[in-house]
Amino acid sequence: MALVDIQVPDIGDFDEVAVIELLVKPGDTVKAEQSLLTVESDKASMEIPSSHAGVVKELKVKLGDKVKQGSVIVVLEVAASSNPPPLGEGRVGAATLAPAPTAPTAPPPQPAPSGSGAHAGSTVEVRVPDIGDFKDVAVIELLVKPGDAIKLEQSLFTVESDKASMEIPSSVAGVLTALKIKVGDKVNIGDLVALVEVASALAPAPAPVLAAVAAPVAAASPAAAPAPASASTAAMPAAPAHQPGAPSPGLPHASPSVRKFARELGVPLAELQGSGPKGRITQDDVQNFTRAVMAGAVQTQAQAVNAPKAPAASGGDGAGLGLIPWPKVDFAKFGPIERREMSRIKKISGANLLRNAVLIPAVTNHDDADITGLEAFRVATNHDNEKSGVKVTMLAFLIKACVAALKKFPEFNSSLDGDALIYKSYWHIGFAADTPNGLMVPVIKDADKKGILQISQEMGELAKKAREGKLIPAEMSGATFTISSLGGIGGRYFTPIINAPEVAILGVGKSTMAPVWNGKEFEPRLMLPLSLTWDHRVIDGAAAARFNAYLGHILGDFRRVLL
């Protein structure tokens, strides 16, 4: 018996690809060409096969490691008869996998219609580059649509053979004017797939080569069903040895871009049921799963394990909490009615607000802050910066003031984790935005590092995206404290509901002029109503009173922010 180092073969024009799945474990017996692990770049996912048959003695990589051509991934014990001549102490010193066929350089791109290169405003044909030894590969996912602005080498669509899935990039930057393919079409090298109106006088760059190793991608085989949604990556070591061409029970059927999108949102792909061809998980599936979790319609496996067990339901809504069922009334018998379905945003936020209102023992303190001087400064600032186009609102000052208060009272910037408190050393402030579709909460990240003008500009951009329904999840996540301002509408005091897992929220009403006693006489002062709601499990009344008082002092003399 001898030991062989199994190395990563030539996998084409990819460097430092990530290990996303281990298909064997020490002690497993593997056959020649049996897949050992799966790697993934931002363009393709592929399996790395073994060049020898033998027993796995050691895995040299773990999930998340980066590997490239020549990296040692497995130490294999092989029979002496099947070994190359041994080196040194009987260990084969460079048993490299037979390299996968490397695709030749892609053919030159088709010239622009003008025949003299692509000029600004001209339309360029985008064709399928050399994708290796594959023919009639199926289009399984479209990643762009006509009208989209695309960058050079941005992925346009995903194709899949029985050996690999890969994303096809654009060879030019510009505006996509037409897609010449649809899901289910078969494409080959040189096929026309899109028309792009180029944005500059640059000729299209040669399309990058997309090489795929001669090893199947898990769950890509048309002869087998997709991996079950309940399988988990953690269970992989106990799985039987993987066979080439057979679906892996641990790797969900999804393209690299969808995997990246799911990782950014923290979505466990193994728990999704794909709606695409052959059970492929699409970006819409990831988004729908996220919405369902936020609405409380489904739980992830981690949530199900950690969730408290509710009493058995004995009736309609609320019975699980020991409440009587929600009344069911035929409203039409009392007069004319009109039924309107709630918006998606209201359904999602409503479920979260109900949970937070029921589970959090919330208390609200009401106070007034004198902002007479601050308002005069705000008006002067807007006058001085009129040409910049950035309008400073009182909310920008409130965000900066809240950061100062949160630093002085760090328990307000914490979150409950079981019996422990997580104190955060970052200050991301959410602000409630009223949109035609319902309430949304964009987040100003690292508000402690930004000035009033930058915060105002960022708030304006995020509020605009919220009204247009273009906010992405990353722009609504990570808040440590939230401000809900009704100042532009009206009202004085209210009791805002805490946005879990935060432990406090500040409600702000409409400022009004009021007579205030200065020790000698009453004088008119502009007073801002503050309503601070806090989680009594984390914060006590004295701390809440001090927080509100300190916040009021800062708003009364904003120079305190510098202290």
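Predicted model: local features only at pLDDT ≥ 70, side-chain atom pairs only at ≥ 80, totals over all residues.
**Exercise 1. At what angle do the axes of α6 and helix α7 (residues 452–467) cross, and within what distance do they come?**

Residues are numbered from 1 along each chain as its sequence is written, and side-chain values use heavy atoms, with hydrogens and water left out.

*Solution.* 
- Step 1: Two packed helices are described by the angle between their axes and the distance between the axes.
- Step 2: Here the axes cross at roughly 120° and come within 9 Å. Axes are lines fitted to C-alpha atoms, for helices over the stretch in contact, with angles from 0 to 180 degrees between N-to-C directions.
- Step 3: That makes α6 oblique to α7. Under 35 degrees counts as roughly parallel, over 145 as roughly antiparallel, 65 to 115 as roughly perpendicular, and the rest as oblique.
- Step 4: The α6/α7 crossing is right-handed, meaning the near helix is turned clockwise from the far one by less than a right angle.
- Step 5: Now the residues in contact (heavy atoms within 4.5 Å): α6 brings Leu395, Ala396, Phe397, Ile399 and Lys400, and α7 brings Ile452, Ile455, Ser456 and Met459.

**Exercise 2. Work out how α6 and α8 pack.**

*Solution.* 
- Step 1: Helix α6 (residues 394–408) and helix α8 (residues 541–556) have axes 9 Å apart, at an angle of about 135°.
- Step 2: So α6 is oblique to α8.
- Step 3: The crossing of this pair is right-handed.
- Step 4: On the α6 side the contact includes Leu398, Ala401 and Cys402, while α8 contributes Phe547, Tyr550, Leu551, Ile554 and Leu555.

**Exercise 3. Is Asn365 buried or exposed, and what does its side chain join?**

*Solution.* 
- Step 1: Find Asn365 in strand β18 (residues 362–370). Strands (E, at least two residues) and helices (H or I, at least four) are DSSP runs, numbered from the N terminus.
- Step 2: Its relative accessible area is 17%, so Asn365 is buried (under 20%; exposed is over 50%, partly exposed in between, with a 1.4 Å probe and protein chains only).
- Step 3: The side chains of Asn365 and Trp534 are joined by a polar contact of 3.0 Å (a pair of N or O atoms within 3.5 Å; within protein, one must be able to donate a hydrogen and the other to accept it, and residues adjacent in sequence count only if both atoms are side-chain atoms).
- Step 4: Leaving aside neighbours within four places in sequence, Asn365 also touches others, among them Leu530, Gly541 and Asn548.
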